[in-house]
Amino acid sequence: MNKETLIGKAKVKDAKLFIDGDYVDAISGETFDTLNPATNEKLASVANGSDADAKRAIETAQRTFESGVWSKMPVEERSNILCKMSDLILERVDELALVETLDVGKPIKESRGFDIPRAAQNFRFFAEMAKYVVHEHYDQHHVMSYAKYAPAGVTSLIIPWNLPFMQLTWKASAALASGNTVVVKPASYTPLSAVMLGEIANEAGLPPGVLNILTGPGSTVGTAMATHPFVRRISFVGESNTGKMVMKNASENLIPVSLELGGKSANIIFEDADLDEAVKGSLDAIYRNQGQICLAGSRILVQESIYDQFLDKFTAAVKKIKVGDPTDEKTDMGALVSKSHLESVDQYVQIGLEEGAKLALGGKRVEGLKNGNFYEPTVLYDVDNKMRVAQEEIFGPVPVIIPFKEEEDAIRIANDSIYGLAGVVWTNDLRRAQRVTSEVNSGLLWVNCWYIRDLRTPFGGAKASGIGREGGRHSFEFYTEAKTVTMKL
């Protein structure tokens, strides 16, 4: 058994590798520590995997795939097992949520109220949809042609630290529902909830070797997962430059990739918007998870005629955000994931001030909580879109507020970015909403709301925000290999 530490009501276990249905040490025997961002104290020891461990896991996944124990299992049986995993996640929602909060630093009300329930939903959604994937069939002149969608094979999933369990299940559930075997690498900052998925898989009856979980550095484990010739799909979520490296490595063996990368999304507020609704939505879009969300509405574009009014209402709302112990149900904003990330966020604020941005609130560590990585909810305003703080992803609780005059200005500013992941439009003019969402070059756009997801729709970004789409049929298209069969009758 792994060593356990009881924190709150969660059993925080020392994390081992999960390979072929068993928890095992790294071949080297080495470990590293994962820290609680709220205290910077040790949470658990984690197996420090290497490229040798990655090779072991990938070869296990390949043998399992070739055996057909999962890839050739009737889809109804696969679906039942994945639905059981969904049920088990919900049964352990409190435990998983607390482990997630302790490892990531996010408020418990976010982990319990959104992240873990959504993870369970991911498994049930793809498990059910797998039974109803439409196969193409055509008849013409005594010839029948049809397309078969076969599992692709071993799938590498590389998961970020900001939404670890939710992102893991979003990827793994679709890949598994398609009949693939999976090798997962969670981020080294936040490995604990991901490793727990192995226990759930075993209890649900997932055959050994179908799901394998590796902890360790991206430079070794991640590279091996992107270059091994047995790997037939790679799905990566993370920073754009790292995504470029994954794509470069994958090109060695022509492995198809799906990349969900960075963002600097425009949150556009027009003068005819419901201002109170826009303030509330904009608050959620930048301060949820301490701003550590790729979809964050980090550039707030406000029409000049309501600029001062919005700024007053927004700053007044920000002052009410409670920063503190992430395990406290009343906490609105927890800790940033690491000391180095906190320093990076603070450095960006200083850069913004040097560039000429004005500081309305925040801009420093939280007094009285200096043992943890707590940063005040910050507001930079009168920002020019050419500034670094408007062009580069800060990934923290730091929105930049930019004025604009007319609709055309808003569209131009929104598109003046290397990123194209998401965007928000606040307006009560239906025609304007249609025009702006048509012109803004982003993969996802919301009108008068933010972060509402229908899992049937495509998810992904344009430009430096990624390549490919997942969600609904798009996930099944990526995680399968299309084969056309033509038969003369």
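**View 1. Residues around the centre of the second largest pocket.** The second largest pocket has 20 lining residues, and those nearest its centre are Val133, Val134, His135, Tyr149 and Phe476. The model shown is predicted. The volume of this second largest pocket is about 450 Å³.

**View 2. Helices and strand beside the second largest pocket.** Two or more lining residues of the second largest pocket come from each of α2 (75–91), β8 (143–151) and α15 (473–478). The top contributor is α15, which gives three residues.

**View 3. Residue classes in the second largest pocket.** Ten residues of this lining are nonpolar. Six are charged and four are polar.

**View 4. Residues around the centre of the largest pocket.** The largest pocket holds about 910 Å³ of space. Its lining is made of 38 residues. Closest to the centre of the largest pocket are Trp161, Phe236, Gly238, Glu239 and Thr242.

**View 5. Helices and strand beside the largest pocket.** Four elements each supply two or more residues to the lining of the largest pocket: α7 (218–227), β12 (231–237), α8 (240–250) and α11 (339–355). Of these, α8 gives the most, with seven residues.

**View 6. Residue classes in the largest pocket.** The lining of the largest pocket includes 18 nonpolar residues. Another 15 are polar, and five are charged.

Technical notes. Residues are numbered from 1 along each chain as its sequence is written. This is a predicted model: local features need pLDDT of at least 70, side-chain atom pairs count only at pLDDT 80 or more; totals for chains, interfaces and linings use all residues. Side-chain values use heavy atoms; hydrogens and water are left out. On a 1 Å grid over the protein atoms alone, a cavity is a set of points where a 1.4 Å probe fits but cannot get out, and a pocket is an open set with protein on both sides within 12 Å along at least five of seven lines; lining residues have an atom within 4 Å of a point. Grid points are joined across faces, edges and corners, and a volume is the space filled by probe spheres set on the points. Ala, Val, Leu, Ile, Met, Phe, Trp, Tyr, Cys and Pro count as nonpolar, Asp, Glu, Lys and Arg as charged, and the others, Gly among them, as polar.
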